[in-house]
Amino acid sequence: MAAEMLGKEVTAQMNVQIEGRVEALRKKGISPALLMIRVGENPGDLAYERSASKRCETLGVEVKKKIFPADVTQAELTDAIHEANEDVSVHGVLMFRPL
């Protein structure tokens, strides 16, 4: 028999797990951070960025952003991605399209 899963309940459970992981990292001296890389001003991307930023901050995850104009060169964007990979203070990267 199928069980109905409510989004609020699932999200609440996930938040408890994430908060526990964040706390465990902080006890080890690690401050978790997410880097968002966005190109352009797509309204959908802006809305998602605001939502993701708010959720991260609520959970205790620092949010860093690298925002580029729509006419960014491939070299500039590639450099930013390489910098993100080398940055030990960044634990996750969220990239928005178009890439």
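The model is predicted, and local features were considered at pLDDT of at least 70, side-chain atom pairs only at pLDDT 80 or more, whereas totals for chains, interfaces and linings use all residues. Residues are numbered from 1 along each chain as its sequence is written, and side-chain values rest on heavy atoms, with hydrogens and water left out.

Helices (H or I, at least four residues) and strands (E, at least two) were taken as DSSP runs numbered from the N terminus. Helix α2 comprises 17 residues, 43-59, and extends 25 Å from its first C-alpha to its last, close to the 24 Å expected; the expected span is 1.5 Å times one less than the number of residues. At the start of α2, a side-chain oxygen of Asn42 comes to within 2.7 Å of the backbone nitrogen of Gly44. The residue that follows α2 is Gly60, with a positive phi near 90 degrees.

Residues were classed by relative accessible area as buried (under 20%), exposed (over 50%) or partly exposed (in between), with a 1.4 Å probe and protein chains only. The buried residues of α2 are Asp45, Glu49, Ala52, Ser53, Cys56 and Leu59. They lie on the same side of α2, because they cover an arc of only 130 degrees around the axis; the arc is that of the directions from the helix axis to the C-beta atoms. Exposed residues on the other side of α2 are Pro43, Arg50, Lys54, Glu57 and Thr58. The buried residues of α2 pack against α1 (7-27), β1 (33-39), β2 (62-68) and β3 (92-95).

Within α2, Ser53 counts as buried because its relative accessibility is 5%. The side chain of Ser53 makes a polar contact at 2.8 Å with the backbone oxygen of Glu49. A polar contact is a pair of N or O atoms within 3.5 Å; within protein, one must be able to donate a hydrogen and the other to accept it, and residues adjacent in sequence count only if both atoms are side-chain atoms. With neighbours within four places in sequence left aside, Ser53 is in contact (heavy atoms within 4.5 Å) with Met36, Val63 and Lys65.

Helix α3 spans residues 74-86. Its end C-alpha atoms are 18 Å apart, in agreement with the 18 Å that its 13 residues should span at 1.5 Å a residue. Leu77, Ala80 and Ala84 are buried in α3. These buried residues line one face of the helix, because they fall within an arc of 60 degrees when seen down the axis of α3. The face turned away from the buried side of α3 carries the exposed residues Gln74, Ala75, Asn85 and Glu86. The elements covering the buried residues of α3 include β1, β2 and β3.

Ile81, also in α3, is partly exposed at 26% relative accessibility. Beyond its neighbours within four places in sequence, Ile81 is in contact with Ile37 and Met95. Met95 is located in strand β3 and is partly exposed, with a relative accessible area of 33%. The C-alpha atoms of Met95 and Glu49 are 10.0 Å apart, although the two residues are separated by 46 residues along the chain.

The largest pocket holds about 240 Å³ of space. Among the 14 residues that line the largest pocket, Ile18, Leu34, Cys56, Leu59 and Val61 are the closest to its centre. A pocket is, on a 1 Å grid over the protein atoms alone, an open set of points where a 1.4 Å probe fits, with protein on both sides within 12 Å along at least five of seven lines, and lining residues have an atom within 4 Å of a point. At least two lining residues of the largest pocket come from each of α1, β1 and α2.

Definitions and conventions:
Grid points are joined across faces, edges and corners, and a volume is the space filled by probe spheres set on the points.
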